[in-house]
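Subject: Structure handover

Hello,

Here is the structure for you to look over. My notes come after it.

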Amino acid sequence: MASRLKPDAAIAWGTLAEIALRENKPSLALVHVAKARELEPDVTVWRVLAGRALKREGRPEEALELFVGLSPAARAEPGVMTLMAECYGLLERPRDAAAMYVAAADSDPSRGEWAMEAALWSERAGDLAAARTYAARAAGLGTAGAADMVARLGS
């Protein structure tokens, strides 16, 4: 109803897209989020929503294309790197996900969650030395699960 009353309100279209995703209707979500992106093209959350719908449809390459050219600050917004990593995983490209999180962790060494993700994705990519390094950093920052990973990976 809100989209009919105020069709130029991106939040209404984005909300419809989120509801469609929750109902497992990614094609419909893409229609709604396209309208939100048309109204607010610079809002990263609409890219994330579109990316989630594309990923759900089995189109991870297209989802990743939504994030090409984003600034590091925009990539640090909630959900962006997580979605990108999931897409890299679906494409069997764990090295790309690891490189993304390694760069993020190195850009802000105080972010334990990024160090932990760098460790996890480095391990998936087969780079155990990097996995140990970032797991140790995450453990030092008190990140949940990091101490267990350090113990599991050994020295």
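This is a predicted model: local features need pLDDT of at least 70, side-chain atom pairs count only at pLDDT 80 or more; totals for chains, interfaces and linings use all residues.

Residues are numbered from 1 along each chain as its sequence is written, and side-chain values use heavy atoms, with hydrogens and water left out.

The pocket

The largest pocket has a volume of about 150 Å³. A pocket here is an open set of points on a 1 Å grid over the protein atoms alone, where a 1.4 Å probe fits, with protein on both sides within 12 Å along at least five of seven lines; lining residues have an atom within 4 Å of a point. The volume is the space filled by probe spheres set on the points, and grid points are joined across faces, edges and corners. The lining consists of Pro72, Arg75, Ala76, Met81, Met100, Ala103, Ala104, Ser107 and Trp114. Two elements give two or more residues each: α6 (72–75) and α8 (94–107). Helices are DSSP runs of H or I, at least four residues, numbered from the N terminus. The largest share, four residues, comes from α8. By type, the lining has seven nonpolar residues (Ala, Val, Leu, Ile, Met, Phe, Trp, Tyr, Cys or Pro), one charged (Asp, Glu, Lys or Arg) and one polar (the others, Gly among them).

The core

The largest nonpolar core has 48 residues. Such a core is a set of buried Ala, Val, Leu, Ile, Met, Phe, Trp, Tyr and Cys residues joined through side-chain atoms within 4.5 Å. Buried means under 20% relative accessible area and exposed over 50% (1.4 Å probe, protein chains only). Val33, Phe67, Met84, Met100, Tyr101 and Tyr134 touch the most other members. Helix α7 (residues 80–90) gives the most to this core, seven residues. Beyond four places in sequence, Val33 touches Trp13, Ala17, Trp46, Leu49 and Ala50; contact means heavy atoms within 4.5 Å.

Helix α11

In α11 (residues 146–153), Ala146, Met149 and Leu153 are buried. Seen down the axis, they fall within an arc of 60°, so they line one face of the helix. The arc is that of the directions from the helix axis to the C-beta atoms. On the other side, Ala147, Asp148, Ala151 and Arg152 are exposed. The cover over the buried residues includes α9 (112–124) and α10 (128–140). Ala146 has a relative accessible area of 0%. Leaving aside neighbours within four places in sequence, Ala146 contacts Met116, Ala135, Ala138 and Ala139. Just after α11, Gly154 takes a positive phi of about 70°.

Best wishes
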